[in-house]
Amino acid sequence: MKLTYTDALFAVSEDTLRAHAQLAEAAFQETIQKSGRGNDFLGWVDLPAQVSENEIQAVEKCAAHLAQCSEVVVVIGIGGSYLGARAVIEALQHGFRAMMPGAAPTVLYAGNNMSEDYISDLLEVLNQKEYSLMVISKSGTTTEPALAFRILKQHCEQKYGVDEARKRIVAITDRARGALKTLATQEGYPTFVIPDDVGGRYSVLTPVGLLPIAAAGFSIRKLLDGAKSMRQQLLEAPNFEHNMAMQYALLRYILYNQDRQVELMTSFEPKFYFFIEWFKQLFGESEGKEHKGIFPAGAIFSTDLHSLGQYIQEGTRQLFETVLTVEHAHAHVSIPFDEQNTDGLNYLQHRSIDEICHIAQQGTCQAHVDGEVPNIKISIPEINEFYLGELIYFFELSCAISGYMLKVNPFDQPGVEAYKKNMFKLLGKPGF
């Protein structure tokens, strides 16, 4: 993984970065020494090095069982309980997975919305498919996934019988307490633990993310190896000039203090759509409090150049851009020669689509820089489990450093409760 910020230096000079380097270094030490606010939720810092062989084997064994008996695995969760897994799965899987046969089951998602039509459509699919359920919730009472699980549990029991359904439902929840833990114990579901010291949006390297990723047929060992490699690289570099996470966090902090209050994460790779969604939750919930924080947004190019491109180029100068780049494609598609050349594209015949894409990205970044949009570039050699593991740990550590520089607790989310309280009151829930 590489971080390049040459195209942001017109807004944030190297001298400015060096002058503020101690801010990033202090926030880094708060994180790794676990001395800052919310330090009881810093278990993710050492997580890649602490996942045991026994836990990996247990996850792989359960995933293999689900794959053997299921055409579809439904992951029931919201926020951090599903976004990390979905980010990795959709980055790695075939772009048209639903249309392709495969040994691994298709992963579908529920409990991340309250659309009745969505649930109805899902039930219609499950009537025709062999399936299993993964329900992910620390408490078991979060409305959206709890509703979905109640409905899908009943469907599973009616389709397979109670005893067989118990073999097809896996609970990922608290170690000792909560409604879902109680139910899982009563029903005898296979169960995995969400660590007490890891919050939802930092949980992708726990069974919350590892089990769905393994069930989808991808290597959790390589994912953890990538995260472990990035952890070692960053934790062994306490100085700003050698630490990419500090550099990225400080660039964001200085741009924010220049009234660049929106970070637009973009990529020319559509497989990163849900990775960007995960990024939005990670930074939005971590920084957006006490009337502070950068608003995280996302776009996929070239698609969104034909909708948001005009605003990015010439709209209000409140943006900076972080570009997520993949250096090498996995496949090659030839551009055919056309005798008539009515589209005028014969001049591109000897270039690859990937090469054209990178040139389009270069031209786009240059246009945005010319339009006074600072650009930060984060690149990986290719999309695979190892490099996704690197990216996950890089963004997690960068996010914690960013939060501490803003003087907020990066690991709570008190504002999330506001909509819930209003909803419960309007629904007539007892006690509200």
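Residues are numbered from 1 along each chain as its sequence is written, and side-chain values use heavy atoms, with hydrogens and water left out. Because the model is predicted, local features need pLDDT of at least 70 and side-chain atom pairs count only at pLDDT 80 or more, whereas totals for chains, interfaces and linings use all residues.

**The parallel sheet**

Five strands form an open sheet in the order β3-β2-β4-β5-β6, and the pairing is parallel. Strands are DSSP runs of E with at least two residues, helices are runs of H or I with at least four, and both are numbered from the N terminus. Two strands pair if DSSP finds at least two bridges between them. At the edges stand β3 and β6 (191-193), each of which pairs on one side only. Direction ignored, neighbouring strands of this sheet are turned by 20° against each other on average.

Strand β2 (residues 72-76) pairs with β3 in the parallel sense over five bridges. Along this pairing, V74 has L108 of β3 as its bridge partner, and V75 stands opposite Y109 in β3. Four of the five residues of β3 (residues 106-110) are buried, so this strand is largely enclosed by the rest of the structure. Here buried means under 20% relative accessible area, exposed means over 50%, and partly exposed lies in between, with a 1.4 Å probe and protein chains only.

Helix α4 packs on the sheet, touching β2, β4, β5 (169-173) and β6, and its direction makes about 145° with that of β6. Helix α10 (residues 207-215) also packs on the sheet; it touches β2, β3, β4, β5 and β6, and its direction makes about 165° with that of β4. Contact means heavy atoms within 4.5 Å. Axes are lines fitted to C-alpha atoms, for helices over the stretch in contact, and angles run from 0 to 180 degrees between N-to-C directions.

**The mixed sheet**

A further open sheet of five strands has the order β1-β10-β9-β7-β8, with mixed pairing. Its edge strands are β1 (2-4) and β8 (295-300), each pairing on one side only. From one strand to the next, the twist averages 20°.

Within this sheet, strand β9 (residues 319-326) and strand β10 (residues 375-380) pair in the parallel sense over six bridges. V326 stands opposite I380 in β10. Helix α13 (residues 273-287) lies across β7 (262-267), β8 and β9. Helix α16 (residues 385-405) packs on the sheet through β7, β9 and β10.

| α4 | β6 | about 145° |

**A helix pair**

Two packed helices are described by the angle between their axes and the distance between the axes. The axes of α4 (residues 53-69) and α11 (residues 220-235) come within 11 Å and cross at roughly 140°. The two helices are therefore oblique to each other; angles under 35 degrees count as roughly parallel, over 145 as roughly antiparallel, 65 to 115 as roughly perpendicular and the rest as oblique. From α4 the contact involves E53, I56, Q57, V59 and E60, and from α11 it involves I220, R221 and L224. By class, this contact has four nonpolar, one polar and three charged residues. Ala, Val, Leu, Ile, Met, Phe, Trp, Tyr, Cys and Pro count as nonpolar, Asp, Glu, Lys and Arg as charged, and the others, Gly among them, as polar.

**Individual residues**

S132 lies in strand β4 (residues 131-136) and is buried, with a relative accessible area of 0%. A polar contact of 2.9 Å joins the side chains of S132 and S70; the term denotes a pair of N or O atoms within 3.5 Å, where within protein one must be able to donate a hydrogen and the other to accept it, and residues adjacent in sequence count only if both atoms are side-chain atoms. Neighbours within four places in sequence aside, S132 is in contact with L66, S70, V72, V73, V74 and R168.

L126 belongs to helix α6 (residues 116-126) and is buried, with a relative accessible area of 0%. Not counting residues up to four places away in sequence, L126 touches V72, V74, Y131, L152, H155 and K159. The C-alpha atoms of L126 and E71 are separated by 9.5 Å, at 55 residues apart along the chain.

D163, in helix α8 (residues 162-168), is exposed, with a relative accessible area of 56%.
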